[in-house]
Amino acid sequence: MIGVLGAPFTAVAAEDVGLINQLAGDVSYTSGGSAAKAKPYMKVREGDRFSVPAGAQLRVVYFKGGRQESYAGPASLTAGVEKSTVQSGSQPQVSTLPAGVPQKIAQTPELIQIARLGRSGGVAVRGGGYPPKLTPEQQAEVRQARQTYDQMRKTAAANDIVPEQYLYAVLQDHLLYDDMKAVVAEMQKRQPANADVAIMAEYVKAKTDAK
């Protein structure tokens with residue numbers, strides 16, 4: 001069974017091919033013969049079969065190629081390496097994320113776990129009380145990430161926080177906690193009931209208050 005913290009190894013461990021980055025309703029899946037309820041930010045593996053009942057919604061982003069598929073139930077599908085195969089129901093709405101974004105989105109489960117452990121100082125995170133001095137290459141990466149974020153934000157739905165999750169991941173890589181405050185605030189504005197976002201906001205607040 002797969003989830004935010006990964007899966008136990010089997011004789012031949014399948015690789016993660018994608019991530020659920022939007023979920024609403026009672027979506028279930030079968031992986032390696034085991035059935036369970038799908039969870040937000042769950043990693044997806046090739047061969048996973050999903051059942052999306054009427055009224056439910058599921059969105060999967062594939063790491064290779066950045067294909068993003070949005071399903072409205074009823075629908076059933078099987079995950080491939082770069083795209084899903086639909087067994088029943090209508091075809092998904094498809095979009096493509098910019099290059100480099102899927103790899104950052106793939107970090108979302110781990111970033112949530114870091115936030116859960118570190119929001120009240122539970123774990124030590126490298127970095128001092130002041131923003132780190134970035135190399136010219138790192139500064140360029142952050143600038144490019146902000147441009148990519150702006151591009152994604154223009155076309156994303158009002159309640160879609162994938163653009164913010166991407167920028168958050170880049171800023172976390174560089175320990176830019178002050179900059180992350182505005183990003184998590186934007187997430188909370190767009191998804192005020194999202195418990196994972198609340199945890200991320202607490203984490204960032206703890207990191208900035210610790211200066």
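**Entry 1**

The model is a predicted one, in which local features need pLDDT of at least 70, side-chain atom pairs count only at pLDDT 80 or more, and totals for chains, interfaces and linings use all residues. Residues are numbered from 1 along each chain as its sequence is written, and side-chain values use heavy atoms, with hydrogens and water left out.

I took helices (H or I, at least four residues) and strands (E, at least two) as DSSP runs, numbered from the N terminus. Two strands pair if DSSP finds at least two bridges between them. Strand E2 (residues 28–31) pairs with strand E5 (residues 49–52) in the antiparallel sense over three bridges. E2 pairs with E3 in the antiparallel sense as well, over four bridges. The hairpin of E2 and E3 has two residues between the strands, and in it Gly32 takes a positive phi near 60°.

**Entry 2: the sheet**

I traced an open sheet of five strands in the order E3-E2-E5-E8-E9, with antiparallel pairing. Strand E3 (34–37) and strand E9 (84–89) stand at the edges with a single partner strand each, so one side of each is left without a neighbour in the sheet. On average, neighbouring strands of this sheet are turned by 20° against each other, direction ignored.

**Entry 3: backbone in two loops**

I noted that Tyr41 has a positive phi of about 65° although it is not a glycine. Tyr41 has its place in the loop between E3 and strand E4 (43–45). I then examined the peptide bond from Gly73 to Pro74, which is cis, with omega near 5°. Pro74 lies in the loop between strand E7 (67–72) and strand E8 (75–79). Most residues other than glycine have a negative phi, and most peptide bonds are trans.

**Entry 4: H4 against H5**

Axes are lines fitted to C-alpha atoms, for helices over the stretch in contact, and angles run from 0 to 180 degrees between N-to-C directions. I found that the axes of helix H4 (residues 162–173) and helix H5 (residues 177–190) come within 9 Å and cross at roughly 160°. H4 and H5 are therefore roughly antiparallel to each other (angles under 35 degrees count as roughly parallel, over 145 as roughly antiparallel, 65 to 115 as roughly perpendicular and the rest as oblique).

With contact meaning heavy atoms within 4.5 Å, Glu164, Gln165, Leu167, Tyr168, Leu171 and Gln172 in H4 meet Tyr177, Asp179, Met180, Val183, Val184, Glu186, Met187 and Arg190 in H5.

**Entry 5: H5 against H6**

I found H5 and H6 packed at an angle of about 155°, with their axes 9 Å apart. That makes H5 roughly antiparallel to H6. The contact is made by Tyr177, Asp178, Met180, Lys181, Val184, Met187 and Gln188 of H5 and Val197, Ala198, Met200, Ala201, Tyr203, Val204, Lys207 and Thr208 of H6.

**Entry 6: aromatic pairs**

I applied a ring rule: rings of Phe, Tyr and Trp (its six-membered ring) pair if their centres lie within 6.5 Å, and planes under 30 degrees apart count as stacked, over 60 as edge-to-face and the rest as tilted. By this rule the count comes to two aromatic pairs. Tyr177 and Tyr203 form an edge-to-face pair, 6.2 Å centre to centre with 85° between the planes. Tyr177 lies in helix H5 and Tyr203 in helix H6 (residues 195–209), so the pair ties together parts that are 26 residues apart in sequence.
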